[in-house]
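Hi there,

Here is the structure I promised to pass on. Please have a look at it, and then read on for what turned up.

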Amino acid sequence: MTNELLLTPGKLSLSALCRIYREPLVLRIDQSCKSRVDAAAEVVSRAAQGDAGVYGINTGFGKLASTRIPAEQTSQLQRNLILSHCCGVGDALPANIVRLIIVLKMLSLGRGASGVRWEVIEQLQTLLHIDLLPLIPAQGSVGASGDLAPLAHLTAAMIGEGDVHFQGRDMAAADALRLAKLEPLELGPKEGLGMINGTQVSTALALAGLFDAWSLAQTALITGALTTDALMGSTRPFRSEIHALRGLPGQIEAAFCLRTLLEDSAIRDSHRDDDERVQDPYSLRCQPQVMGACMDQFRQVAQMLEIEANAVTDNPIVVVEDGSILSGGNFHAEPVAFGADQCALAIAEIGSIAERRIATTVDPAQNFGLPAFMSPNPGLNSGFMVAEVTAAALMAENKQRAAPCSIDSTPTSANQEDHVSMACHAARRLTDMNHNLAHIVAIELLIATQAVEFRAPAKTSKHLQQVMQKVREQVVPLGDDRYLAGDIASVKQLVMKRNIIAELEQAGLLPRLKP
């Protein structure tokens, strides 16, 4: 697969966005959009020279929109806007998120409805090409009017203000531009407003959260299958007839995946006929229903975010066809906030059902003949006792973080911006929730691997044996008690780097985010 990607505004696919998030790519804007961008910029230029007040072009902003600005001060107006809005706080966003933000801003401006000059898009593209990345504080946006503070920090770097990461170190943007032999951009009419009015930070964070959550859902299907075999669970609840009668696509796919992963398991065959148990706990039996519902949630969010990533979300909007400049509210990130809240619920639920499987596996009263806490010598040794406690703690933390952010509006800007989305931190929390979930899944993977080994000489399926081998390449079986934090960290890295799912996904055995 080529490492070059053409960015066509309005048409970039979800899979392309995922590649941008995960891979170092050479990114170029589609030149076919230039004529429309130029036409919109001409509309704005005429408005800036005209007598009529047009919001954000020859007026102040927000509550100051009634203040008229002379034509000769429109450039200063835009510069002042950027400097005054650089009020972000907190840690800088990761580099891959910043790249994704820049791409989303290029896509939005490239639609030719924002009124910026082509030079603005070119400078954004140059930042990507030379890997000069603005340091964007993570906190400070309420998700309307767009992600004002973080996008102001992005724009500040383009005009030689603020700080960036360049050539392996942090430095002043002005110094980085000099090193790169780039002239600071002088903003024209509406260009500062076009840069900071938009949902690109919220959307980038939501996309990152979605992509990682989907990979973790795939991994949780694998760990769930492994635990099912370790506990000698039944595969009858995964039969297609049950799920076809309900008809929900995610549930049908999750059941198919579990059946496929457990196919040819000798452990399963060993207890088909003489098993005294009638039904398994819900955390085993209802995996298709729970995981399928989560997958359907993620896919709904994915559909919305693919649209939002290609959308024009600033204000005012330029209609090239008739020269209108229209004030609206596309900067309001309510769809992204809702999507982030949906993802948070699904992430919490995947962790919840995984933690219940872990608890069942280490409990000698429920694990069908396995040793307590998966220790070969329980009593003298505690085995995975507190690993399960850690999983429970992370599960509880994710439940608390899953409370909806989108309903927590508060008025800002002297009540002019009186209802906001809170999309940015709604999306940003998904990163921490995914790390918590990755730890939970890693703990399940460690414990389920050890549990399946206790079922020897019977073996699990070939697919799951391959997964266990990846674990054992990093972590040896637990005998006497040892320091376990390093084991958990090693397997968590396997999970986050997608090593557990890569081969199975490539073989078509795992559900895909966009079927």
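A word on terms to begin with: helices (H or I, at least four residues) and strands (E, at least two) are DSSP runs, numbered from the N terminus. Please keep in mind that this is a predicted model, in which local features need pLDDT of at least 70 and side-chain atom pairs count only at pLDDT 80 or more, while totals for chains, interfaces and linings use all residues. Residues are numbered from 1 along each chain as its sequence is written, and side-chain values use heavy atoms, with hydrogens and water left out.

Salt bridges

I counted a salt bridge when a side-chain nitrogen of Lys or Arg lies within 4 Å of a carboxyl oxygen of Asp or Glu. Searching the whole structure gives 23 of them. For burial, I used relative accessible area: under 20% is buried, over 50% is exposed, and anything in between is partly exposed (1.4 Å probe, protein chains only).

K34 is partly exposed at 30%, and D38 is partly exposed at 31%.

Another one reaches across the sequence. E191 and R117 form a salt bridge with an N to O distance of 2.6 Å. This pair links distant parts of the chain, 74 residues apart: E191 belongs to helix α8 (residues 191-196), and R117 to the loop between α4 (95-109) and α5 (118-130). Is E191 buried or exposed? With a relative accessibility of 1%, E191 counts as buried, whereas R117 is partly exposed at 29%.

R482 and D487 also pair, at 2.8 Å from N to O. Here R482 is partly exposed at 31%, and D487 is buried at 13%. Finally, E397, R401 and D432 are joined in a network of salt bridges.

Aromatic pairs

Rings of Phe, Tyr and Trp (its six-membered ring) pair if their centres lie within 6.5 Å; planes under 30 degrees apart are stacked, those over 60 are edge-to-face, and the rest are tilted. How many aromatic pairs does this rule give? The count is two.

Y21 and F211 make a tilted pair, with 6.1 Å from centre to centre and 35 degrees between the planes. Y21 comes from helix α1 (residues 14-22) and F211 from helix α9 (residues 200-230), so distant parts of the chain, 190 residues apart, are linked. Y21 is buried at 12%, and F211 is buried at 3%.

W214 and F298 form an edge-to-face pair, because their ring centres are 6.3 Å apart and their planes stand at 75 degrees. W214 lies in helix α9 and F298 in helix α14 (residues 287-309), so this pair ties together parts 84 residues apart in sequence. W214 is buried at 5%, and F298 is buried at 0%.

A sheet

Two strands pair if DSSP finds at least two bridges between them. There is an open sheet of three strands in the order β4-β6-β7, with antiparallel pairing. Strands β4 (133-134) and β7 (169-172) are at the edges with a single partner each, so one side of each has no neighbour in the sheet. β6 (residues 163-166) and β7 run antiparallel and are joined by four bridges; F166 has R169 of β7 as its bridge partner.

Best wishes
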